Each structure stands twice: as C-alpha cells, then as structure tokens.
Amino acid sequence: MAVLAYLSSERCDRMSTISNSEAIAAWSAMPADAIEAYDEQGDFPKRHLLNGNLLRMLGPIDGRKVLDAGSGDGYLSRLLAERGAEVVGVEPASALLARAQKIEQERRQGIRFVQADLSTLPEVGQPFDAVICSMVLLAIPAWQSAMAACVSALKPGGRFVFSITHPAFENLYPTWRNHGHYQVDRYLDEYEMPDGHAPDFHRPLSAYLNEVIGLGCRVTELCEPRLDPQVARDSGIDAIESYVALPNFLIISAERDS
C-alpha cells in the first residue's frame, strides 16, 4: 500500500555491501506509477505525521535559502517554496528528479533542482540558512558523509532538520498488524533492511545523534510524532492505530555552531 511505503516488513541479518551508486541506481529504477502515486503532501504518513512538524521545526523560512537534501519528487521543496523560501533541491535518483523538474517547469516556483549524491555534494549555492533532509539518511550507505555535507552547507547558526524512521519502531506497522502489539528483538546492531525499491539501513538512534553532535551541532529538539486518533479512525486503514500508540518516525532539529 503506497501510504505505508516506509514500513519495513522483513529484515536482513547481513551487513550491507551495497554502495551509494547501487542504491541510487535502485531508486532511479523506481517505476513511474509508484512515483506518480505521491500527492501534494507526499503520502499519508508525510501528510499527517511529518510535514507539519518538519516545517514547524525549520522555523521562519520566508526569504531564506533552504536546501532540500534528498528532495525526491520535489513535494517538500514545493511546500517550502510556497512559504517563501529560496529552495535548492538535491536528488541523485534520475526518475525522481525528472518528476520534480517536470512539475517545476509547469509551476515555475523558482526551485532549482540539482542531480547529485549527497555524500559528495558539489557547489549548489552554499551556504544555506537551513537544510532539511527528510527520510533520506536511512537510505544512504555512506550516510556520515551525507550528514557532514548537509552540516557543511549551513551558515554558522543555521538549522539542520532531518527525519528518519524511528530506529526503535521500524517494523511497527507490519508487526502490529500481525500480532496486535509491537515487538523488537534487535536494536543495537547496524544492518540492511531490504524493502520496496531500495534498501533502508537500521542504525541505533545514538549513531545519528552522536554524529550530528560530532559535526559541531547543538541538538535543539527531538520530535516523535503521534497520529491523531480521529485521523486514524477516519482513514479506514487496518492496524493504523499503531501510529497512535507508538512513534514510527523521529525528527531531529539541530543548529550549527557559530
């Protein structure tokens, strides 16, 4: 089901051997119908759990330069531009980038989309007032280099906001659907999670927090969004009450040291 595209159903016990280029190739092969299934807010989890919190945690963006790091089909770039931001979207996967560019040609919001690997980010207009990286780092094998590039792209005092699937609750939906509750038996290891069009990677929360702190950032907020119970009831999605009980996503806001 497209609205639950982030949820992992199976795990792999081996460490990943996939390279960044292989991951990008997998996302570039994403079929057109899957890409076109995204709507103006992305999909159900983005609409109801991520977007509002991401925009709130970014703070005022009218007239500010914002980098959408891993912009996908550009839905978040468009939301940022609607709020007055000067937006650059960086996306390595050609299929997703093509859709973002096509919509920009139609709407002319002034968004500049660049095809590039975040782990080797080129000059795209740095420095930025803010960098947003939503549901991206967990899909990048060389994630430390990508995070370092995001922080380096910021002005001193600039804000870095990123979201990931919550490392403690990655299999929330399928586990809840199958058992009526959540269970986890492995957390501290790092491993590849094959699912969907390309794999995601499990890393404990401490890996992400220690990395962003080590890059000279001050963490300002952690957000574990909870689905509104009425939205869950109205959705008609089986087992979606799991999103009310537990957080499937985690959003982290940090500021680069001056």
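**Figure 1. Phe 162 and the aromatic cluster around it in the predicted model.** In this predicted model, Phe 162 is buried, with a relative accessible area of 0%. Together with Trp 143, Phe 160 and Tyr 208, Phe 162 forms one aromatic cluster. A search of the whole structure finds five aromatic pairs. One of them joins Trp 143 and Tyr 208, whose rings are tilted, with 4.9 Å from centre to centre and 50° between the planes. This pair links distant parts of the chain, since Trp 143 belongs to helix H6 (residues 143-152) and Tyr 208 to helix H8 (residues 205-214), 65 residues apart. Both partners are enclosed: Trp 143 is buried, with a relative accessible area of 3%, and Tyr 208 is buried as well, at 1%. The rings of Phe 162 and Tyr 208 are likewise tilted, because their planes meet at 40°, a value between the limits of 30 and 60 degrees, while their centres lie 6.4 Å apart. Phe 162 lies in strand S5 (residues 154-165) and Tyr 208 in helix H8, so this pair ties together parts that are 46 residues apart in sequence.

Figure 2. Strand S9 (residues 249-256) is mostly covered, with seven of its eight residues buried. S9 pairs with S5 in the antiparallel sense over seven bridges, and within this pairing Val 161 has Ser 253 of S9 as its bridge partner. S9 also pairs with strand S8 (residues 217-223), again in the antiparallel sense, over six bridges, and here the bridge partner of Cys 217 in S9 is Arg 256.

**Figure 3. Gly 216 in the loop that leads from H8 to S8.** Gly 216 is placed in the loop between H8 and S8. Not counting residues up to four places away in sequence, Gly 216 touches Glu 255, Arg 256 and Asp 257. Gly 216 and Ala 254, which are 38 residues apart in sequence, have their C-alpha atoms 9.6 Å apart in space.

**Figure 4. The largest nonpolar core and a separate one.** The largest nonpolar core has 76 residues, and those with the most contacts inside it are Leu 67, Leu 80, Phe 160 and Phe 162. Helix H3 (residues 44-58) gives the most to this core, with seven residues. Leaving aside neighbours within four places in sequence, Leu 67 is in contact with Val 88, Val 90, Leu 121, Val 124, Phe 128, Ala 130, Val 131, Ile 132 and Ala 153. In soluble globular proteins, nonpolar side chains tend to be buried together.

**Figure 5. Helix H4 and its surroundings.** Helix H4 (residues 75-82) is mostly covered, seven of its eight residues being buried; these are Tyr 75, Leu 76, Ser 77, Arg 78, Leu 79, Leu 80 and Ala 81. The buried residues of H4 pack against H3, strand S1 (65-69), strand S2 (86-90), helix H5 (94-107), strand S3 (112-114) and strand S4 (128-134). Just after H4, Gly 84 takes a positive phi of about 95°.

**Figure 6. The parallel pairing of S1 and S2.** S1 and S2 pair in the parallel sense over five bridges, and Asp 68 stands opposite Gly 89 in S2. Four of the five residues of S2 are buried, so this strand is largely enclosed by the rest of the structure.

**Figure 7. Two lysines placed over aromatic rings.** The charged end of Lys 65 sits over the ring of Phe 128, at 5.1 Å from its centre. Lys 46 lies over the face of Tyr 38, 4.9 Å from the ring centre.

**Figure 8. Confidence along the chain and the segment of residues 1-15.** The mean pLDDT of the protein is 91, and 94% of its residues reach 70 or more. Over residues 1-15, however, the pLDDT is below 50, although this stretch has 50 contacts in the model beyond near neighbours in sequence. Where pLDDT is low, the predicted coordinates should not be read in detail.

Key
Residues are numbered from 1 along each chain as its sequence is written. This is a predicted model: local features need pLDDT of at least 70, side-chain atom pairs count only at pLDDT 80 or more; totals for chains, interfaces and linings use all residues. Side-chain values use heavy atoms; hydrogens and water are left out. Rings of Phe, Tyr and Trp (its six-membered ring) pair if their centres lie within 6.5 Å; planes under 30 degrees apart count as stacked, over 60 as edge-to-face and the rest as tilted. Helices (H or I, at least four residues) and strands (E, at least two) are DSSP runs, numbered from the N terminus. Buried means under 20% relative accessible area, exposed over 50%, partly exposed in between (1.4 Å probe, protein chains only). A charge sits over a ring if NZ of Lys or CZ of Arg is within 6 Å of the ring centre and within 35 degrees of the ring normal. Two strands pair if DSSP finds at least two bridges between them. A nonpolar core is a set of buried Ala, Val, Leu, Ile, Met, Phe, Trp, Tyr and Cys residues joined through side-chain atoms within 4.5 Å. Contact means heavy atoms within 4.5 Å. pLDDT is the predictor's confidence in each residue, from 0 to 100.
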